[in-house]
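Here's a quick walk through a single chain, written for someone who likes to know the cut-offs. Have the viewer open as you read.

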Amino acid sequence: ETPSFEGQTLTALFMSGVYADLAREVVVPDFESATGAKVEIVDFPYATLHEKMLLDFTSGTASYDVVDVACQWDGEMA
């Protein structure tokens, strides 16, 4: 049995377009149903996504609980 995370919200960063759309339409409803948590999807176009991610990581802001990293940035974001 999955524990309940009702009342908690996760903020996830995705690339705009297909990735963010699929997350909103498929992943979020399934995750929310299974856990009770809410998920907010934040998205940016590819051209600015790297900058937004890097700025959040290096500033320590921690605006995002989940980040969908483009594979070419795996080493840099690790």
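Which side chains does a polar contact of 2.5 Å join? They are those of aspartate 43 and arginine 24, where a polar contact is a pair of N or O atoms within 3.5 Å; within protein, one must be able to donate a hydrogen and the other to accept it, and residues adjacent in sequence count only if both atoms are side-chain atoms.

## Ground rules

This is a predicted model, so local features need pLDDT of at least 70 and side-chain atom pairs count only at pLDDT 80 or more, while totals for chains, interfaces and linings use all residues. Residues are numbered from 1 along each chain as its sequence is written, and side-chain values use heavy atoms, with hydrogens and water left out.

## The overall layout

The chain has three helices and three strands; these are DSSP runs numbered from the N terminus, with helices being H or I of at least four residues and strands E of at least two. Along the sequence they follow the pattern β-α-β-α-β-α. Taken along the principal axes, the C-alpha atoms fill a box of roughly 35 × 25 × 20 Å.

Of the 78 residues in the chain, 26% are buried. Here buried means under 20% relative accessible area, exposed means over 50%, and partly exposed is in between (1.4 Å probe, protein chains only). The accessible surface comes to about 5,200 Å², and 55% of that belongs to carbon and sulfur atoms. Those areas come from the Shrake-Rupley method with a 1.4 Å probe, and for residues only the protein chains shown count as cover. As for contacts (heavy atoms within 4.5 Å), take those with a separation of 6 or more: residues 24 or more positions apart account for 66% of them.

The three strands form an open sheet in the order 2-1-3, with parallel pairing. Strand 2 and strand 3 (66-67) stand at the edges with a single partner strand each, so one side of each is left without a neighbour in the sheet. Two strands count as paired if DSSP finds at least two bridges between them. Strand 1 (residues 9-15) pairs with strand 3 over two bridges, and strand 1 pairs with strand 2 over seven bridges.

A search of the whole structure finds one salt bridge, meaning a side-chain nitrogen of Lys or Arg within 4 Å of a carboxyl oxygen of Asp or Glu. The side chains of aspartate 43 and arginine 24 meet in a salt bridge, at 2.5 Å from N to O. Aspartate 43 lies in strand 2 (residues 38-44) and arginine 24 in helix 1, so the pair ties together parts that are 19 residues apart in sequence. Both ends are partly exposed, with aspartate 43 at 26% relative accessibility and arginine 24 at 36%.

Leaving out residues up to four places away in sequence, aspartate 43 touches Phe14, Met15, Ser16, Ala20 and Arg24.

Leu22, Val26, Val27 and Phe31 make a nonpolar surface patch of about 320 Å². Patches are made of residues with over 30% relative accessible area and no salt bridge: like charges are joined within 9 Å, nonpolar side chains (Val, Leu, Ile, Met, Phe, Trp, Tyr) within 5 Å. Of these residues, valine 27 sits in helix 1 (residues 18-35) and is partly exposed at 46% relative accessibility.

Threonine 35 is also in helix 1, but this residue is buried, with a relative accessible area of 9%. The threonine 35 side chain reaches the backbone nitrogen of alanine 37 at 3.1 Å.

## A cysteine in a loop

Cysteine 71 lies in the loop between strand 3 and helix 3 (74-77) and is exposed, with a relative accessible area of 62%. Cysteine 71 and lysine 52 are 19 residues apart in sequence, and their C-alpha atoms are 16 Å apart in space.
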